[in-house]
Amino acid sequence: MITRRGFFKVLGGSVAGVMSLGGYAFAYEPLARLAITRYRLTPPGWTPGLKLRVIALADLHACEPWMSTSRIAAICHRANELEGDVTVLLGDYAAGMNMVTQYVHSSQWSKALSTLQAPLGVHAVMGNHDWWEDRTAQKNGGMETFGHRALADVGIPVYGNRAVRLEKDGRGFWLAGLEDQLALLPGRKWGRTQMLGLDDLEGTMAQVTDDAPVILLPHEPDVFPRVPERVSLTLSGHTHGGQIRLLGRSPIVPSRYGNRYAYGHMIEEGRNIIVSGGLGCSIAPVRFGVPPEIVVIDLG
């Protein structure tokens, strides 16, 4: 039977434990940790002899104090050290939450991203928050966001339903980027009754003109059930791994499929997708069990 003194000792320890856990989730893991997550695979349809290292960065959500320009620059420096052949940016550069001390302007985060280097270039797609935080783009019902323009201004191409063919050692492959699947918000002021996506999977794949392997870049993984076998690998972000992840599952995942595409490397019917846990935070600055990560994929 526990004594009164023992009860308060246990209670004090529990409170201290909760405070420590909260400090880790709110401060250390979101702000101080940076994991390098590596995958190695030879997906179906991959060209024999084509060795390709892809560096993927997702979901920066630039804002103070959680993702400052100096932190973005440090992440880019670390990404460069990993010696990828090609670097891909998987969307959501805009903040995506109100618990900030200062928003980071697109001209600042894009300047930090311009320090990325790769022999076959740096290539980007947009995310939902890049569209949601641009009122002009919402009013226009499409076209481009300030994020599109900011990246273009620093020489980083953005793929909105566009495919490009690249080569390494004389062997070709395609990067195919989709425009965002949740781009346009519903609302009376926008004249829309439901969320609208601007992605065009079929039109993007129609631009692929030979049998070289395709790497598809959609910000959200929810398109994956519709991705054809022709695509060797799909790379996505958006979910942040749920931001809180315990025993391989997350209580909340921003996907209509729940934990099915929450995080990591998944294979369905011979098709491969890798979902990054991302770098920043959305809604709330909390991470636990899914630290910010740079993803390294070695193909071939």
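Reader: Which loop does Pro-65 lie in?
Author: This is a predicted model, so read what follows as computed from it. On one side of Pro-65 is strand β3, residues 63-64, and on the other is helix α2, residues 69-81.

Reader: Is the peptide bond that joins Glu-64 and Pro-65 cis or trans?
Author: Look at omega for that bond: the angle is about 0°. The bond joining Glu-64 and Pro-65 is cis.

Reader: Staying with loops, what is phi of Asp-59 near?
Author: Asp-59 sits in the loop between β2 (52-57) and β3. Its phi is positive, in a residue other than glycine, and lies near 55°.

Reader: Are α2 and α3 roughly parallel or roughly antiparallel?
Author: Their axes come within 8 Å and cross at roughly 20°. Angles under 35 degrees count as roughly parallel. That makes the arrangement of α2 and α3 roughly parallel.

Reader: Which residues of α3 make that contact with α2?
Author: The crossing of α2 and α3 is right-handed. From α2 come Thr-69, Ile-72, Ala-73 and Cys-76. Their partners in α3 are Gln-108, Trp-109, Ala-112 and Leu-113.

Reader: How many nonpolar residues are in the contact of α2 with α3?
Author: Go through it by class: no residue there is charged, and 2 are polar. The nonpolar count is 6.

Reader: And α3 with α6: are they oblique or roughly parallel to each other?
Author: Helix α3 covers residues 106-113 and helix α6 residues 146-153, and their axes come within 9 Å. The axes cross at roughly 40°. Only angles under 35 degrees count as roughly parallel, and roughly perpendicular runs from 65 to 115. The two helices are therefore oblique.

Reader: Which residues in α6 do the α3 residues meet?
Author: This crossing is right-handed. On the α3 side are Ser-106, Trp-109, Ser-110 and Leu-113. On the α6 side they meet Phe-146, Gly-147, Ala-150 and Leu-151.

Reader: Now pockets: how many charged residues are in the lining of the largest pocket?
Author: The largest pocket holds about 340 Å³ of space and is lined by 17 residues. Nearest its centre lie Gly-242, Gln-243, Pro-254, Ser-282 and Ile-283. The lining has 8 nonpolar and 8 polar residues, and the charged count is 1.

Reader: What about the second largest pocket, how many charged residues are in its lining?
Author: That pocket has a volume of about 150 Å³. Among its lining residues are Asp-199, Glu-220, Asp-222, Arg-226 and Arg-256. Asp, Glu, Lys and Arg count as charged. Alongside 3 nonpolar and 3 polar residues, the number of charged ones is 5.

Notes. Residues are numbered from 1 along each chain as its sequence is written. This is a predicted model: local features need pLDDT of at least 70, side-chain atom pairs count only at pLDDT 80 or more; totals for chains, interfaces and linings use all residues. Side-chain values use heavy atoms; hydrogens and water are left out. On a 1 Å grid over the protein atoms alone, a cavity is a set of points where a 1.4 Å probe fits but cannot get out, and a pocket is an open set with protein on both sides within 12 Å along at least five of seven lines; lining residues have an atom within 4 Å of a point. Grid points are joined across faces, edges and corners, and a volume is the space filled by probe spheres set on the points. Axes are lines fitted to C-alpha atoms, for helices over the stretch in contact, and angles run from 0 to 180 degrees between N-to-C directions. Helices (H or I, at least four residues) and strands (E, at least two) are DSSP runs, numbered from the N terminus. Angles under 35 degrees count as roughly parallel, over 145 as roughly antiparallel, 65 to 115 as roughly perpendicular and the rest as oblique. A crossing is left-handed if the near helix is turned anticlockwise from the far one by less than a right angle, and right-handed if clockwise. Contact means heavy atoms within 4.5 Å.
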